[in-house]
Amino acid sequence: MNRNKIALVTGANKGIGKEIARQLGQAGFTVLLGSRDVERGELAVKELVAEGLDAVGIQLEVTDEASVRAAAERVEDSYGRLDVLINNAAIIPEGDDAASRIGIGVLREAFETNVLGLVGVTQAFLPLLHKANAARVVNLSTSLASFEQVGDLESRMSTVLTLGYNSSKAAVNMVTVMLANELRGTGILVNAADPGNCATDMGGWTAARTPAQGAAVAVGLATLGEDGPTGHVYAEEGRLAW
Ligand SMILES: NC(=O)c1ccc[n+]([C@@H]2O[C@H](COP(=O)([O-])OP(=O)(O)OC[C@H]3O[C@@H](n4cnc5c(N)ncnc54)[C@H](OP(=O)(O)O)[C@@H]3O)[C@@H](O)[C@H]2O)c1
């Protein structure tokens, strides 16, 4: 049903990103697996190709402008457009900590990848998204970026002391709303997905949800119909408060 549609997932060599790529491939997309390390990317590509999916690796370090530019040029040359962009790549930097103690360099590192990288990638691919018919952008967010949840002292979210991660993902939420506003009327829908706590290197291997369950939230937003929402954050249970 999505034959001939092209999707790019950043940070797709493992975790939720790889699962998003798998599910988009299963839905008929040609899926480009962004990976900063070519070899790690190729391992994931091989896995998906062996499952019969149309998967292609693409080198993409989101903090490296030259890498981002080269990736956009490659997609332009090969496909001439991009139907879905999933901004999945992110980090919790080593040493992430509470607001009173976090090293400024650590905070900067979180913003470099999670915000500046995401905005840089989105800007580089925007001309190709405009060339697609009704493109979708999905930014991976988290309930740790929710002012409502972190501000609720009864919530587990208020106990996670990672200012770098939480505040950079809150910035991703603002990018989502503002880009969605800017693109209203173009057919491009922009939303954020909270996958929930999933068992990955980042989420911890004891997390209750599988990466596939987390990926499904993003894939739903990547395949919204033309009357779909824009400028919101969704989890499995529905729309979340910021
Ligand atoms: N897991 C959870 O519980 C959870 C919950 C809420 C939200 N999320 C969000 O879901 C997304 C995926 O998380 P995950 O759990 O799958 O994390 P993960 O297993 O740590 O995977 C992160 C991916 O991002 C890539 N990456 C990191 N920095 C990059 C950079 N500068 N350039 C390119 N790629 C980069 C990693 O590449 P390398 O392999 O090269 O490091 C890896 O492919 C993230 O946006 C995360 O914030 C996760």
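**Notes on the sheet and the helix packing**

1. Strand β5 (residues 136-140) is mostly covered, since 5 of its 5 residues are buried, where buried means under 20% relative accessible area, exposed over 50% and partly exposed in between, with a 1.4 Å probe and protein chains only. Arg-136, Val-138 and Leu-140 point one way from β5, while Val-137 and Asn-139 point the other way, and all are buried. Helices (H or I, at least four residues) and strands (E, at least two) are DSSP runs, numbered from the N terminus.

2. On provenance, this is a predicted model, in which local features need pLDDT of at least 70 and side-chain atom pairs count only at pLDDT 80 or more, whereas totals for chains, interfaces and linings use all residues. Residues are numbered from 1 along each chain as its sequence is written, and side-chain values use heavy atoms, with hydrogens and water left out.

3. The sheet is open and is formed by 8 strands in the order β3-β2-β1-β4-β5-β6-β7-β8, with mixed pairing; two strands pair if DSSP finds at least two bridges between them. The edges are taken by β3 (55-59) and β8 (238-239), each with a single partner strand, so one side of each is left without a neighbour in the sheet. Strands of a sheet pair through backbone hydrogen bonds, either parallel or antiparallel.

4. Both senses of pairing can be followed in individual strands. Strand β4 (residues 84-87) pairs with β5 in the parallel sense over 4 bridges, and Leu-85 stands opposite Val-137 in β5. Strand β7 (residues 233-235) and β8, by contrast, run antiparallel and are joined by 2 bridges, with Ala-235 opposite Gly-238 in β8.

5. Strand β2 (30-35) is likewise mostly covered, 6 of its 6 residues being buried. Thr-30, Leu-32 and Gly-34 point one way from β2 and Val-31, Leu-33 and Ser-35 the other way, and all are buried. β1 (6-9) and β2 pair in the parallel sense over 4 bridges, and Ile-6 stands opposite Thr-30 in β2.

6. Which strands does helix α2 lie across? α2 lies across β2 and β3, running at about 170° to β3, where axes are lines fitted to C-alpha atoms, for helices over the stretch in contact, and angles run from 0 to 180 degrees between N-to-C directions. Helix α3 lies across β1, β2 and β3, and runs at about 145° to β3.

7. Helix α1 (residues 15-26) and helix α7 (residues 211-222) pack at an angle of about 55°, with their axes 8 Å apart. That makes α1 oblique to α7, given that angles under 35 degrees count as roughly parallel, over 145 as roughly antiparallel, 65 to 115 as roughly perpendicular and the rest as oblique. The residues in contact (heavy atoms within 4.5 Å) include Ile-16 and Ile-20 in α1 and Ala-215 and Val-219 in α7. By class, this contact of α1 with α7 has 10 nonpolar, 3 polar and 1 charged residues, with Ala, Val, Leu, Ile, Met, Phe, Trp, Tyr, Cys and Pro counted as nonpolar, Asp, Glu, Lys and Arg as charged, and the others, Gly among them, as polar.

8. α1 also packs with helix α2 (residues 38-50), at an angle of about 30° and with the axes 11 Å apart. That makes α1 roughly parallel to α2. Lys-18, Ala-21 and Arg-22 in α1 meet Ala-44, Glu-47 and Leu-48 in α2, a contact with 3 nonpolar, no polar and 3 charged residues.

9. The axes of helix α3 (residues 65-79) and helix α4 (residues 104-131) come within 9 Å and cross at roughly 15°; α3 and α4 are therefore roughly parallel to each other. α3 passes α4 in a right-handed crossing. Val-68, Ala-71, Ala-72, Val-75 and Glu-76 in α3 meet residues of α4, among them Val-121, Phe-125 and Lys-131.

10. Leaving aside neighbours within four places in sequence, Ile-102 is in contact with Gly-95, Asp-96, Asp-97, Leu-107, Leu-163 and Gly-164.

Definitions and conventions. Left-handed = near helix turned anticlockwise from the far one by under 90°.
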